[in-house]
Amino acid sequence: MAFWQARDFLFCGVCGTLLKFDSVRSASCPLCGFKRKAKDIEGKETRYTVTAEDIRRELKLDPYVILETTLKEEDVIVERATVNKECEKCKNPELQYYTKQLRSADEGQTVFYKCANCRHEFNENQ
Amino acid sequence: MAAGKSSSASKEDQYAALRELYRPHIDSFDYFIDEGLDKMLQSIRPVEITVPNSPTTLRISLEKGHLFPPKRDGRLDAPLYPQQCRQARTTYHGEFKVDTFIQCNDGPAVRQTFNFGYLPIMLMSKLCHLRGADSEKLIFHGEEATEMGGYFICGGMERLVRILILQKRNYPMGLIRGSFVNRGAGYTDKAVIIRCVQDDQSSVTIKLYYLLNGSARLGFWLGGREFLLPVGIVLKALIDTSDREIFTSLTCCYSDHYERGKGVVSTQLIGERAQIILDEVRDLSLFTRTECLLHLGKYFRSVMEGFEKDDFETVAEAVLKDYIFVHLQNNHDKFNLLIFMLQKLYAIVDQTASPDKADALQYQEVLLPGHLITVFLKDRLQDWLRKSKRLIVEEATKNKSFDLNDSQEVRKFLSKTSAYVGKAIQSMIKVGKVNSQSGLDLPQRDGMTIHAERLNFHRYISHFRSVHRGSSFAKMRTTSVRKLLPESWGFLCPVHTPDGEPCGLLNHMTSTCRISSFYNSEGATKDFQKIKMSLIARLVGAGMAQLLPRIERTGPPEVLHVHVDGCIVGSIASAKIEEVVNHLRSLKLLPHSGIPEDLEVGYVPLSHGGAYPGLYLFTNPARFLRPVRSLLGLSNGGPNIELIGPFEQAFMEIRCPDGGDGGRNKLFPATHEEIHPTAILSVVANLTPWSDHNQSPRNMYQCQMAKQTMGFCGQALKFRTDVKAFHLQTPQTPIVRTATYSKYCMDEFPSGTNAIVAVLSYTGYDMEDAMILNKSAVDRGMFRGHIFQVSKCFFPFFGDS
């Protein structure tokens, strides 16, 4: 049975207008006066399926099941590329670096250096 | 003689590629001359004038327009040429007259012709005396041999109408925008918007807003205000239907069977929402179509001009006809479209379909010069009717002996303000400002025209190939409108855009990009009704179920709806849709299939939360088009160049011609192929040699600098009357050039000099941006140029009287 057919009892059998449920004994049609007996409506349901997942998504709560592919925050350590360059503070011979294009596209990219030893950070514009 | 003829013929072919660049401008004005003007006049509602103390009703309707070629003043039928207008600082315009029918009560309709002044005539259009002229004739009349027209001459100045970006017509677009919340309490930021364009190119934009309680409001602008109607009232007012039928139509696209699988666009909540919509109408005690019409008419009678004395039902019918889905003539079609828009709106709310991007070219089209003139002229004529009515009523109130039956008296009042119509059009083209009360459903009022600068040929060409997003975006802080999106591939050049304030807003069409027009490839006017009938017949033959007899219809993922220019004509089973699409594409390639070659087959496939699926077919003008090679047609051995649009391109598999498969997935093999790798660049960007060896911003700067250089501004320099002209004395043809340079005859207007550059690498010899020139080269004329400047002269008259 189609979705709309399951809700046929809401409508007048004569003219199709939405019925008014204003009496315990019958539902009446405001246009043509047709009355559908309460006995005919008994047992008819409009049924909705709502999962707990839907509710949690609606309320923006965390999902129940955390997928295995999701890495925990503490396990993620950013491994940066390294270069043989001397730290200007503690003279450590190796630095981590990454690059970003901060200035206009016709300029070179900015290189950010970080010393794994003394946590010193600096950058260079080539 | 034969040699001369063949030389002329070859010369004409030489300019064919150049002429194609100007075609969108000229075609739109040609259609305005051919049919657009008459269609517009017929769409203007007649005006009825009644005055107190008189039983007479005067009815004025506009029937046929006449636009004449330009003529010289005082000379009998002597043609006026553009060069004469430039030199005399006058306007290249033609006389404009309209036949009107004036009817008293039920008497005979008397035809009277009114003169509305002059309308500017676009150069090289059908009314221009230079239309079809060859190079010799052009030179004889003081023009360039490469004169292609496409602009107007107003007050001696060359003005061209700028091509603007508009929302794609007749397509319901789902949007999420923060400003929708301000409509009132209970409104959300979600809406479905459709810009409905009727035959005369005027448009009404319909917005369907989602409310927090699950209902929707239909909004449109009338008389400078936005009116918001409950969607249930509109549904019941359109056709004689019942609540049950509305409920069934809305909810039949949902089925518990599919849960949340691929292609599902509806959820179980649609039943509740449909009930809420019907509850709203019932609470207003509106049960039948007649009651809904009376309700609408009661509210709109004071707003609708000219309907003050009509009954409510007539007013409501006029509102539905003139403002609700004006691109459809049938109320059943309007009902079906409104149901579809509601379903799409709920899909966006439930996130089972993604909203559309208003900034993507996929959902955009252009406003062409002929369309702008048509729309504005209609507004001015309606204003003329309004003013004339007011004048006549005032006179009749003042002068008791005034007789509406006296046609001479009536004509006197009608002629009083008619000349201002032509003046308003000329002023719009000269100044670029659209003075209108209603705004004409356009995104801006200023900046509609620009001066056709001839600093050099690059700049001149770029004016005709540029597309502007709208001046209101230049002041906004957001940068999303300026982004270069992948939907623009092949249609707008990724390189050619200014690097200042208009960056990303002023774009240029690629060299192969075209605009669909009202003319087919043979030059005849398209019959869109016949095309639609032919399309429906082909679709039914391929397995489409037509919409007409049934109320209960399934929706995605079982079937997909088929839209033809915004009218839902049927549905096709999902399993067969790709076969149907390929069939339509094959028919596009066949010359005499009845399917136009520029048909846009926008097939949006089923997806999980992607765009709302369906088959959207577009045949209307003002769409972007570009040619690609169809591999399907290639394998058949027949013609294989297919014109595609930006809407359908987003869902197609097109491979590059000069590389590998680019990591293409085997599940989605390429069905089309680019014709040439430089087809994605504009004309000016195509002229940069070795652009693939340059950093991207350098190519962008080159486009701007090519348009700034002093070049050879024109071979007809001795006839020009520009206020300022720049002229390079000894230009040279470049040693290194692209094939596009020859294709577009750039050598007729060279813009530079070949120079040998010595690089001095020792620090002591350089000074920042300075350059050391060879003295003897400069003495021999290198880089020599002239600036011609014209000043006004005033010769006072000293005469003995």
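Predicted model: local features only at pLDDT ≥ 70, side-chain atom pairs only at ≥ 80, totals over all residues.
Which side chains meet in a salt bridge at 3.3 Å, N to O? I began my notebook with that question, and the answer is K168(B) and E600(B).

**Entry 1: finding my way around chain B**

To place those two residues, I looked up how chain B is divided. I found domain 1 (12-158 + 368-435), domain 2 (167-364), domain 3 (522-674) and domain 4 (711-789). That puts K168(B) in domain 2 and E600(B) in domain 3. I then checked how many salt bridges are counted between domain 2 of chain B and domain 3 of chain B, and the count is one.

**Entry 2: domain 2 against domain 3**

Next I looked at how these two domains sit together. Taken over C-alpha atoms, the centres of domain 2 of chain B and domain 3 of chain B are 27 Å apart. Domain 2 of chain B brings 33 residues to the contact, and domain 3 of chain B brings 35 residues.

I also wanted a size for this interface. The size of an interface is often given as the accessible area lost when the parts come together.

Then I turned to polar contacts. On the side of domain 2 that touches domain 3, the elements giving two or more residues are α6 (243-251) and α10 (331-349) of chain B. Of these, α10(B) gives the most, with seven residues. I sorted the residues of that domain 2 side as well, and they divide into 13 nonpolar, 13 polar and seven charged.

**Entry 3: an annotation on chain B**

I looked up the UniProt record next. An unreviewed entry carries the annotation "domain: DNA-directed RNA polymerase I subunit RPA2" for residues 569-626 of chain B. Over residues 569-626, the chain is 22% helix and 31% strand, and the end C-alpha atoms lie 27 Å apart.

**Entry 4: chain B against chain A**

How many residues does each chain give to the contact between chain B and chain A? I found 24 residues from chain B and 20 residues from chain A. The two chains bury about 2000 Å² between them, 64% of it on carbon and sulfur atoms. R244(B), Q268(B) and R282(B) supply 30% of the area that chain B buries against chain A, more than any other three residues.

I counted zero salt bridges between chain B and chain A, but three residue pairs are in polar contact there, both residues at pLDDT 80 or more. On the chain B side, α6, α7 (269-283) and α20 (696-708) each give two or more residues. The largest share, seven residues, comes from α7(B). That side of chain B splits into eight nonpolar, eight polar and eight charged residues.

For "binding site", an unreviewed UniProt entry lists C12(A), C15(A), C29(A) and C32(A). These four span 21 residues in sequence, yet no two of their C-alpha atoms are more than 8.7 Å apart, so they gather at one spot. I located C29(A) in the loop between β1 (26-28) and β2 (35-37) of chain A.

Definitions and conventions:
Residues numbered from 1 in each chain as written. Chains lettered and ligands numbered in written order. Heavy atoms only, no water. Domains from an automatic or database assignment. Contact = heavy atoms within 4.5 Å. Salt bridge = Lys/Arg side-chain N within 4 Å of Asp/Glu carboxyl O. Helix = DSSP H or I, 4+ residues; strand = E, 2+ residues; numbered from the N terminus. Nonpolar A, V, L, I, M, F, W, Y, C, P; charged D, E, K, R; others polar. UniProt positions renumbered as here; feature names shortened; annotations may be inferred. Buried area = accessible area lost by both parts, 1.4 Å probe. Polar contact = N/O pair within 3.5 Å; in protein donor to acceptor, adjacent residues only side chain to side chain.
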